[in-house]
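Here is a short briefing on one protein chain. Look over the sequence and the structure first, then work through the points.

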Amino acid sequence: MTGICYYCGKAASSDEHVPPKAIFPKPKDSPDGRDYRKDLITVRSCAEHNSAKSRDDEYLLYVLAMCLPSNELAKHQFLTKVQRAIQRKPALLQALLIEIREVTLHDTVNNTWHRSIAIQPDEKRLINLFTHIAKAIYLIEKSEIWLGKVSVLIEFILSMTDIEQNERQAEMARTANEMLAHVPHKGANPEVFSYQFVEVDGLAMVRLHFYGNSKVSAVYVSHCC
């Protein structure tokens, strides 16, 4: 399998980091000076499914760094690497986002309300990225390429208008919590990324954890479906 692309099965020409190397801080961008780019997961890839999506890799960093559930390490990434990118190209932030809206948030712990800004990222672009990551994880876990469909649920993106959709998404997240409660996390840098992989009744699933609490669930849908 070393000469075959993890995504399409064509001849591979390079190694691809999973997830993208861009989300792992260099020492200068980590609060403790730690290098989070050691022992990263890699798979073999063709040019189409690696270098051709390098801009999407950076996009993933920008979204995760601004994501509310992400940990302090992500916030530090935003204040360092992401801010440098925005300063170099001020129009970058607006170009990367679809919609920005003022919202009111309810802190249910302290029963307080706060005005904030909600950002709607390019969901289709993110689903494509997470599909690539899920297929790479499948190869690592099963030593074979998954050529079927991958159904992706981005748990940290909520609808600005559809409350029922958000409720359905929350219920699916609770189901994933129960299913994976005793499944170990894998990944050398869990503060940045870890994953859980499980097979139940012939159905395989992976849950991706970015910067602590920004989660994505992906189900490998049977080839016949």
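Arg125 is partly exposed, because its relative accessible area is 23%. Keep in mind that this is a predicted model. The points below cover salt bridges, a charged patch and some backbone details.

**Salt bridge: Arg125 and Asp56**

- Which residue forms a salt bridge with Arg125? The partner is Asp56, and the closest N and O atoms are 2.5 Å apart.
- Is Asp56 buried or exposed? Asp56 is buried, because its relative accessible area is 16% and buried means under 20%.

**Salt bridge: Lys142 and Glu199**

- Lys142 sits in helix 4, which runs over residues 123-142.
- The side chain of Lys142 meets that of Glu199 in a salt bridge, at 3.1 Å from N to O.
- Here too, distant parts of the chain are linked: Lys142 in helix 4 and Glu199 in strand 6 (residues 193-200) are 57 residues apart.
- Lys142 has a relative accessible area of 29%, so it counts as partly exposed.
- Glu199 counts as partly exposed as well, because its relative accessibility is 44%.
- What does Lys142 touch, leaving aside residues up to four places away in sequence? Lys142 touches Phe197 and Glu199.

**Salt bridge: Arg207 and Glu155**

- The side chains of Arg207 and Glu155 also meet in a salt bridge, at 2.7 Å from N to O.
- The two residues are 52 residues apart, and the pair links distant parts of the chain.
- Arg207 is in strand 7 (residues 203-210).
- Glu155 is in the loop between strand 5 (149-154) and helix 5 (163-179).
- Are Arg207 and Glu155 buried or exposed? Both are buried.
- How many salt bridges does the count come to? The count comes to eight.

**A positive patch**

- Lys21, Lys26, Lys28 and Arg88 form a positive surface patch.
- Where is Lys28 found? Lys28 is in the loop between strand 1 (14-18) and strand 2 (41-45).
- Lys28 is exposed, because its relative accessible area is 60% and exposed means over 50%.

- Most residues other than glycine have a negative phi, and most peptide bonds are trans.
- A cis peptide bond joins Val18 and Pro19, with omega about -10°.
- Pro19 is in the loop between strand 1 and strand 2.
- Asp39 lies in the loop between strand 1 and strand 2.
- Asp39 is not a glycine, yet its phi is positive, at about 60°.
- Asp39 has 65% relative accessibility, so it counts as exposed.

- Where is Ser143 placed? Ser143 is in the loop between helix 4 and strand 5.
- Ser143 is a residue other than glycine, and its phi has a positive value near 60°.
- Ser143 is exposed, because its relative accessible area is 54%.

Technical notes
Residues are numbered from 1 along each chain as its sequence is written. This is a predicted model: local features need pLDDT of at least 70, side-chain atom pairs count only at pLDDT 80 or more; totals for chains, interfaces and linings use all residues. Side-chain values use heavy atoms; hydrogens and water are left out. Helices (H or I, at least four residues) and strands (E, at least two) are DSSP runs, numbered from the N terminus. Buried means under 20% relative accessible area, exposed over 50%, partly exposed in between (1.4 Å probe, protein chains only). Contact means heavy atoms within 4.5 Å. Patches are made of residues with over 30% relative accessible area and no salt bridge: like charges are joined within 9 Å, nonpolar side chains (Val, Leu, Ile, Met, Phe, Trp, Tyr) within 5 Å. Accessible areas come from the Shrake-Rupley method with a 1.4 Å probe; for residues, only the protein chains shown count as cover. A salt bridge is a side-chain nitrogen of Lys or Arg within 4 Å of a carboxyl oxygen of Asp or Glu. Lys and Arg count as positive and Asp and Glu as negative; His and the chain ends are not counted. The place of a charge is taken as NZ of Lys, CZ of Arg, CG of Asp or CD of Glu.
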